[in-house]
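Please look through the structure below with the sequence at hand.

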Amino acid sequence: MHSDFPLFPVQGSAQAREVDLLFVTTVLLALFFATLISVLLIVFAVKYRRRPKDRPPAPIHGSTVLEILWSSIPFVLAMVIFAWGAAVYFRLNRPPDDTMTVNVVGKRWMWKLQHPSGRREINELHVPVGTAVRLNLTSEDVIHSFYVPAFRVKADALPGRYTTTWFQATRPGRYHLFCAEYCGTQHSGMIGWVEAMEPEAFQAWLSGGPGQVPMAAAGERLFNDLGCVTCHSARSGDRGPSLDALYGSTIRLQTGETVTADAAYLREAILFPAARVTAGYLPVMPTFRGLVNEEGILELIEYLKSRAESQGGAAAAAVAPARSPSPGKEVPTP
């Protein structure tokens with residue numbers, strides 16, 4: 001498809017071409033059958049129009065072959081489109097293993113983004129060309145939707161949950177970023193830009209800026225400031241276990257169920273610690289609701305992930321927070 005077609009935004013990502021190809025194919029098929037049906041309707045209306053009362057209508061005989069054709073051809077085409085669409089959908093929702101992760105928090109009415117290096121942005125996202133970028137999204141208040149038309153990327157940011165999407169920019173440029181979910185009176189102002197840069201320029205940009213603290217380091221500082229280390233240390237006894245190899249592992253609950261310690265579970269354990277208590281531990285952990293915001297929770301999770309990775313445990317194989325990490329060693333939780 002021609003990239004300068006005026007009714008379409010530019011194709012700025014590796015996914016854009018196949019999304020457009022599927023969309024245009026579907027539209028052309030719909031136009032073809034709409035035209036065919038309209039023409040046949042007019043032809044039959046003229047051919048079988050009302051005759052004078054003294055002329056009996058001509059008999060109409062059915063055709064089994066014709067009925068099979070007009071049923072089987074649309075069925076086959078529908079199945080092809082369904083399979084094709086499903087394949088594109090899964091490719092769009094399964095980021096590759098080697099990605100650059102950016103955490104995104106939606107808030108009325110702005111996008112707050114943070115790179116693993118600690119570099120923060122508001123309503124702007126700088127990414128390198130040719131690198132797969134995974135976005136971990138959440139919201140501090142209502143439902144938002146992260147939408148970059150040039151990348152054909154759109155994913156909801158939901159309060160209390162983590163969602164994931166990804167893209168790979170193919171050429172440098174500045175692309176519009178929108179919120180595609182009505183989120184309040186100033187929803188239309190919740191816009192920004194995605195700046196796709198050459199890798200060298202991106203590294204220069206990433207290393208600039210005032211005093212950056214990597215997310216894992218910021219999470220460690222927050223972990224100590226909140227007093228988490230009091231219970232979750234090697235000297236904590238039975239109050240709380242060590243969290244060294246927690247992220248990405250499988251744990252057993254008091255109910256007998258097992259759960260994966262991914263980002264969603266850790267967030268719940270921080271804000272609603274009594275919801276799913278680990279077997280062998282008492283529900284004595286206080287809630288941290290109101291004491292830490294969504295950005296702080298993401299930093300804590302990044303810190304726990306780094307601890308697990310330093311242990312060489314299951315977290316090294318873990319992927320996006322919204323997906324199930326690889327099963328690992330069973331350990332207790334907060």
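Helices (H or I, at least four residues) and strands (E, at least two) are here DSSP runs, numbered from the N terminus. The model is predicted, and for this reason local features need pLDDT of at least 70 and side-chain atom pairs count only at pLDDT 80 or more, while totals for chains, interfaces and linings use all residues. Residues are numbered from 1 along each chain as its sequence is written, and side-chain values use heavy atoms, with hydrogens and water left out.

Rolling a probe the size of a water molecule over the atoms shows where empty space is left. A cavity is a set of points, on a 1 Å grid over the protein atoms alone, where a 1.4 Å probe fits but cannot get out, and its lining residues have an atom within 4 Å of a point. Of the 13 residues that line the largest cavity, Phe223, Cys228, Ile270, Met285 and Leu304 lie nearest its centre. Helix 5 (263-271) and helix 6 (294-310) each contribute at least two residues to this lining, and helix 5 gives the largest share, three residues.

Helix 5 is itself mostly covered, since seven of its nine residues are buried (under 20% relative accessible area, with a 1.4 Å probe and protein chains only). Among these buried residues are Tyr265, Arg267 and Ile270. The cover over the buried residues of helix 5 includes strand 11 (250-252), strand 12 (258-260) and helix 6, where contact means heavy atoms within 4.5 Å.

Elsewhere, strands pair if DSSP finds at least two bridges between them. Strand 9 (residues 173-179) runs antiparallel to strand 6 (residues 144-148), to which two bridges join it, and Tyr147 has Phe178 of strand 9 as its bridge partner. Strand 9 also pairs in the antiparallel sense with strand 10 (residues 191-197), over six bridges, and there Gly173 is partnered by Ala196.

Finally, Thr101 is placed in strand 1 (residues 100-107) and is buried, with a relative accessible area of 15%. Leaving aside neighbours within four places in sequence, Thr101 is in contact with Pro116, Arg134 and Asn136. With Arg134 there is also a polar contact between the two side chains (3.2 Å), a term for a pair of N or O atoms within 3.5 Å, of which, within protein, one must be able to donate a hydrogen and the other to accept it, residues adjacent in sequence counting only if both atoms are side-chain atoms.

Terms used. Buried means under 20% relative accessible area, exposed over 50%, partly exposed in between (1.4 Å probe, protein chains only). On a 1 Å grid over the protein atoms alone, a cavity is a set of points where a 1.4 Å probe fits but cannot get out, and a pocket is an open set with protein on both sides within 12 Å along at least five of seven lines; lining residues have an atom within 4 Å of a point.
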